[in-house]
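Open the model in your viewer and keep the selection panel at hand. The stops below go from a sheet to a set of charged side chains.

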Amino acid sequence: MSAKQTRFDEMQPATGGPFPLRRHLLAGLALMPLLGFAGCAPVKPLVLAGHPWPGYEPMFLARTLGYMPEALTLLESPTVHGSIETIRQGRADGVMLTLDEVLLLRAQGTPLEIVLVFDVSKGADVLLSRPAITSLVALKGKRIGLENSALGSLMLTMVLEKSGLQISDVVPVKIAYEEQEAAWGRGAFDALVTYEPIAGRLKSGGALQLLSTREMPETIFDVLAVRPEVAKLHANTLRAALAGHFKALAYMRQNPWDAAYRVAPRLGVTAEEMVASLRGLELPDLVGNQRYLSDSGGQILRVAQKLSPIMQQAGLITDPIDTRQLFTSAYLPGEAS
């Protein structure tokens, strides 16, 4: 948002000829340092928080390539929990999270509106098992590792639905994403709900993939959600940021390996792992986002309504999801404000 401008057509002319007018102007100039230029006070930048995840990288790549507006700050959080805390504590105006995490935050009282779909998981989120466990039914009595998050609980619920098992039939083991690989190595659990790039590395080491979001299409979305009042205040900056994201996304498609080498260090992976991780994601462009965020039956609305009973059954929420003002396409490039 631009700094507040003084409307010159509302200024009243001074009387008494040019010299009195000049005195008024000089007096005003003399007061400006004392007032701290109140009429032109610098505006706080729009702050968006995100943690390492391949689907968020086009926005961070846009910053590297100089596609982002100066009035935007991208705050890097080390984990998903860090991102959630930044928005809860008011240190960020918007946050990059999965749809279910956004729904959970809204249910807990944090007003958020989805303005962008980063990606749709189509194989990036998986259930892995030890080689001896070759079917979902064989998970009965086994320890299943998962993140202590809405996404982890949601994936476990869907695994149980697919297997016909009850939560009492398995032993959930909550573990942070960044600790999963080491815990797998020391045999902390028999199966694991995880995602790229850890999923790819564990499969290379012999883990079996029993289930992925390829069998559960358009269920796991990664989105950008912003506080509605801040989005309106920073409408131009937000729209420019989304334009920069789509420009960087086009760059990634035209120059995949150059983009991979640029963003891989931030994710702590190799360029090869970065490219492999994107194979399980759909990264919708502007047209795709217009479809997902359409006011007339957008896919985001249908998925939220589908997630509501699943999240209730998992004990994540107590009441049905409120989908009012859940998303908007108003800040997409070319959309009317």
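Begin by selecting strand 5 and strand 8 (residues 191-195): the two run antiparallel and are joined by 5 bridges. This is a predicted model.

What is the order of its strands? The order is 7-6-8-5-9, in an open sheet of 5 strands with mixed pairing. Strand 7 (171-174) and strand 9 (208-212) are the edge strands, each pairing on one side only. Going from one strand to the next, the twist averages 25°.

Leave the sheet and turn to the charged side chains. Side chains of opposite charge can pair when their charged atoms come close. How many salt bridges does the structure hold? The count is 11.

Select E282 and K122, whose side chains meet in a salt bridge at 3.0 Å, N to O. E282 belongs to strand 11 (residues 281-282), while K122 sits in the loop between strand 4 (113-121) and strand 5 (125-129), so this pair ties together parts that are 160 residues apart in sequence. K122 has 29% relative accessibility and therefore counts as partly exposed.

R291 is partly exposed, at 46% relative accessibility.

Move on to helix 10 (residues 256-267), which holds both R262 and D258. Their side chains meet in a salt bridge, 2.8 Å from N to O. Where do the two partners stand relative to each other along helix 10? R262 and D258 are 4 residues apart, about one turn of the helix. Colour the pair by accessibility: R262 is at 40% and D258 at 32%, so R262 counts as partly exposed and D258 counts as partly exposed.

For the last stop, select E57, R63, E76 and R266 together. Salt bridges that share partners join these residues into one network.

How values were computed
Residues are numbered from 1 along each chain as its sequence is written. This is a predicted model: local features need pLDDT of at least 70, side-chain atom pairs count only at pLDDT 80 or more; totals for chains, interfaces and linings use all residues. Side-chain values use heavy atoms; hydrogens and water are left out. A salt bridge is a side-chain nitrogen of Lys or Arg within 4 Å of a carboxyl oxygen of Asp or Glu. Buried means under 20% relative accessible area, exposed over 50%, partly exposed in between (1.4 Å probe, protein chains only). Two strands pair if DSSP finds at least two bridges between them. Axes are lines fitted to C-alpha atoms, for helices over the stretch in contact, and angles run from 0 to 180 degrees between N-to-C directions.
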